[in-house]
Amino acid sequence: MLKTFRRKTQEVTPVNNIVIEGGHKLSGVVHISGAKNAVLPLIAAAMLPEGVSQIEETPWLTDVCFMCDVLNYLGAATSYESGTLTIDATELSNATAPFEEVQKMRASFLVMGPLLARLGQARIPLPGGCAIGARPIDLHLKGFEAMGAGITISDNYIEARVNHLHGARIYLDFPSVGATENIMMAASLAEGNTVIENAAKEPEIVDLANFLNAMGAKIKGAGTDVVRIFGVEELRPARHTTIPDRIEAGSFMLMAAITRSELFLENVITSHLQPIIAKLNDSGVRIIDDIDGLRVLPAKDILPVEIKTLPYPGFPTDMQAQFMAYLTLAGGCSSIKETVFENRFMHVPELRKMGADITVRGNTAVINGVPKLKGGRVAATDLRAGAAMIVAALAAEGETVIEQVDHIYRGYEDIIGKLLQVGAHIREE
Ligand code: EPZ
């Protein structure tokens, strides 16, 4: 059994403030880390086979620590060494996920599919909503019930039991990323074949299918809206390299664009970034697709754009806050319509504190560009809102103090180190 020798979560997230002095150009190379939203389902999938799997290019993030805490609680051992996460799921001694961790991180709900597939039972606290919306799990449960699981909810826990999962045809009313992933993992070991219709098409779904197929699963169609899973008897441990983080890459592209800086991003998959590149091009930014990365050539003047967030391959909701921060300095009026989550404008009041001119009507924000932003004291109300504060602070006049930075450390590996590397005036206090 591998010893769990990774640093405890609190070591990863020193809860301090980030202080940025704006107005400085950036230059140089940023290495993009492995994708948070790929590695979290990959970690859950590593519970399916008995044995030791390895996930390379795993970013050192709070959310990765939370997920490892959940797996340790369930009996798997995890260890982390220079970017490689090793997971030994030989023995799973527990089918009840820990209350605290699940409340902290919704993605821990992704252990439900593997637990049902492996142990025939799962007992998981109802995941809390979060700052960006209620985030129900009805589509996950619909899939598990279709595959034969009996589901009950009692004192804030969801209990699921099944003798053996069987294949099913499942239509998702919304192309939910998490539901697609949870059902794919469960169906991999089900008896018979499963079809997921109106499946999510995000690159992270394809990455998970590749990992599962490397374990011996038989999954076809990942990345399209119809995913077919042919159940197998057992899966074997595998080694996998996580795809680069398209949201981190997009966030750094905006940090370059808003400071009128030229940056080179290495370790990117350009095709994953198309919707972001398209909107940056519309606002006057040129992106050069180089051999081993992307070069960002900023616009002289930021042009206003219209954005509507949609499931992939539409414009990603996870880039909405950062792009809004960038558009606060556009020469004209932009609009952003958020169609995926019902409350993902928590960053608006914080941007207004810096002088932004934003009006919200329902799920649409109208951004009137202003000549400048001024530094101030703001909060990272959630992960991507925190990234938006960094984008704004890098261009604002004077100093900005960002509070609640633990949200930022959930999804951006070594954000301070990477920004210092390219000349940002940034520190933790
Ligand atoms: C994933 O969350 C990502 N998280 C989110 O990234 C991302 O914003 C989201 O997909 C959309 O792209 C991870 O991958 C760990 P959904 P997930 O299920 O799976 C509704 C970030 O910043 N829905 O696709 O929870 C739900 O309410 C995070 O990195 C149901 O109605 O997203 C929401 O409105 C934030 N019933 C919409 O679907 C369900 O059973 C999208 O949710 C499930 C979801």
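At 21% relative accessibility, N198 counts as partly exposed, since buried would mean under 20%. In this predicted model, N198 sits in the loop between β10 (193-197) and α8 (203-214). Its phi is near 60°, a positive value in a residue other than glycine.

D155 is another spot with a positive phi, here near 25°, and it isn't a glycine either. The loop between β7 (150-154) and β8 (157-161) is where D155 turns up. With a relative accessibility of 62%, D155 counts as exposed, because anything over 50% does. The backbone also has a cis peptide bond, running from Y312 to P313, with omega near 10°. P313 belongs to the loop between β17 (306-308) and α11 (320-327). As background, most residues other than glycine have a negative phi, and most peptide bonds are trans.

Now for the protein as a whole. It has 15 helices and 23 strands. Its radius of gyration is 21 Å, close to the 22 Å that the globule rule gives for 429 residues, so the protein is as compact as a globular protein of that length. The C-alpha trace spans about 65 × 45 × 40 Å along its principal axes. As for burial, 60% of the 429 residues count as buried. Among contacts with a separation of 6 or more, 74% come from residues 24 or more positions apart.

Definitions and conventions. Residues are numbered from 1 along each chain as its sequence is written. This is a predicted model: local features need pLDDT of at least 70, side-chain atom pairs count only at pLDDT 80 or more; totals for chains, interfaces and linings use all residues. Side-chain values use heavy atoms; hydrogens and water are left out. Helices (H or I, at least four residues) and strands (E, at least two) are DSSP runs, numbered from the N terminus. The radius of gyration is taken over C-alpha atoms; the globule rule is 2.2 Å times the number of residues to the power 0.38. Buried means under 20% relative accessible area, exposed over 50%, partly exposed in between (1.4 Å probe, protein chains only). Contact means heavy atoms within 4.5 Å.
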